[in-house]
Amino acid sequence: MEKKRTYGNGNSRNDFESLKLFVVIPAYQCEKTIETVISRIPKFISKIVVVDDKSPDNLIDIINRFKKVDKRLVLLSHQTNQGVGAATLTGYKYSLENGADYIIKMDSDDQMDPEYIIPLIKPLIDHQADYVKGNRYLYLKQISKMPFIRRIGNFVLSILAKMASGYWNVFDFTNGFTAINSRIIKFLDFSKIDKRYFFENSLLVELGLEKACVMDIYVPVIYKDEKSNLSEADSLLRFPFMLFSGMVRRIFIQYIVRDFNASTLFLLMGLLLTTFGLIFGINHWWISSQTGVAATTGQVMIAFLPFFLGIQFLLQFLILDINNVPKEPRIRYL
């Protein structure tokens, strides 16, 4: 008799087959890879939802032909190109309407190994997290395979995304291999989630506002010759501004609208003192440069001390914000 293969804390494939697991694949210009991606998805997946984002190639014909072979396959189509985020949200909506328990999001470029679906959904099933995402940075061997420009871009954006989302415990925020508990999706405001390449980052900002527990797991990526539709230079120019906007919104809602605590006090005092010290110092530097009269010791101290104390307050706020990362899945309380 064949021994039943187990995963993690004793879960077998039969355990996963009892759940309604949906895979959502936003698809655009992927006629060369989509069939391979679909054919590799495990049999215990209930539905494979391919969302055609007005792809100009033969994607629809390929999917319609493949549907005759795999009855799990569902094709949804946009009338206009709306972006990877919009396509994913369309897949989320369909999955919710059809009773999905957990939703896995994969890209259509065949760079994600479907065998890692099980490690992705296990923390959700075991009620250890509300949202699980892949991380390519956990092993040096995998990092070395990543194109250098992409490595630098992802690193910089991940640091900024930590500040924007409040999830200081995860990394590789642009990774598109994710799994989410469908019950937490119902609390998200889709209108606040970016519809294009900023999707993963803005989704994490919204999850942070809902106090969802997010977890990283190692997921390798197979880099091929495909050219990304997203320019690294373009993302480095646009994403920081979008992340800054997300950070301001998160901090305002989390520490002022919903609560007022020690973190709020440290933040406000830090901003007030650093702003005062900076403006006072710049103003007197300008006066000195125009008049040729050096600033007095007292003027220098009045500029320096508030600025220094403000930095200390902001660092204390940062420490408290890092310690405020959600550690318990919200789904346990729903």
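Let's start with contacts, meaning heavy atoms within 4.5 Å. In the protein chain, take the contacts with a separation of 6 or more: residues 24 or more positions apart account for 79% of them.

A word on the source. This is a predicted model, where local features need pLDDT of at least 70, side-chain atom pairs count only at pLDDT 80 or more, and totals for chains, interfaces and linings use all residues. Residues are numbered from 1 along each chain as its sequence is written, and side-chain values use heavy atoms, with hydrogens and water left out.

Now the parts. The protein chain has 12 helices and 9 strands. These are DSSP runs, numbered from the N terminus: helices are H or I with at least four residues, strands are E with at least two. Of the 334 residues, 48% count as buried. Buried means under 20% relative accessible area, exposed means over 50%, and partly exposed lies in between, with a 1.4 Å probe and protein chains only.

Next, the sheet. In what order do the 7 strands run? The order is E5-E4-E3-E6-E8-E7-E9, in an open sheet with mixed pairing. Strand E5 (73-77) and strand E9 (214-218) are the edges, each pairing on one side only. From one strand to the next, the twist averages 20°. Two strands pair if DSSP finds at least two bridges between them. In general, strands of a sheet pair through backbone hydrogen bonds, either parallel or antiparallel.

Look at strand E7, residues 131-135. E7 runs parallel to E9, joined by 5 bridges.

Two helices to look at here. Helix H3 (residues 59-67) packs on the sheet and touches strand E3 (21-27), strand E4 (47-52) and E5; its direction makes about 155° with that of E5. Helix H9 (residues 199-209) also packs on the sheet, touching strand E6 (102-105), E7, strand E8 (178-181) and E9, and its direction makes about 145° with that of E7. Axes are lines fitted to C-alpha atoms, for helices over the stretch in contact; angles run from 0 to 180 degrees between N-to-C directions.

Now zoom in on E3. Is E3 mostly covered or mostly open? Mostly covered: 7 of its 7 residues are buried. One side has Leu 21, Val 23, Ile 25 and Ala 27; the other has Phe 22, Val 24 and Pro 26. E3 pairs parallel with E6 over 4 bridges, and parallel with E4 over 6 bridges. Phe 22 has Ile 103 as its partner in E6, and Lys 47 as its partner in E4.

On to the cores. A nonpolar core is a set of buried Ala, Val, Leu, Ile, Met, Phe, Trp, Tyr and Cys residues joined through side-chain atoms within 4.5 Å. The largest has 41 residues, and Tyr 92, Tyr 167, Ile 180, Leu 203 and Leu 207 have the most contacts inside it. Leu 203 touches Tyr 92, Tyr 131, Leu 188 and Ile 193, not counting residues up to four places away in sequence. A second, separate core of 37 residues includes Phe 44, Ile 48, Ile 104 and Ile 117.

Last stop, helix H5, residues 117-125. Why is H5 called largely enclosed by the rest of the structure? Because 8 of its 9 residues are buried. Among them are Ile 117, Lys 122 and Pro 123. After H5 comes His 127, with a positive phi near 55°.
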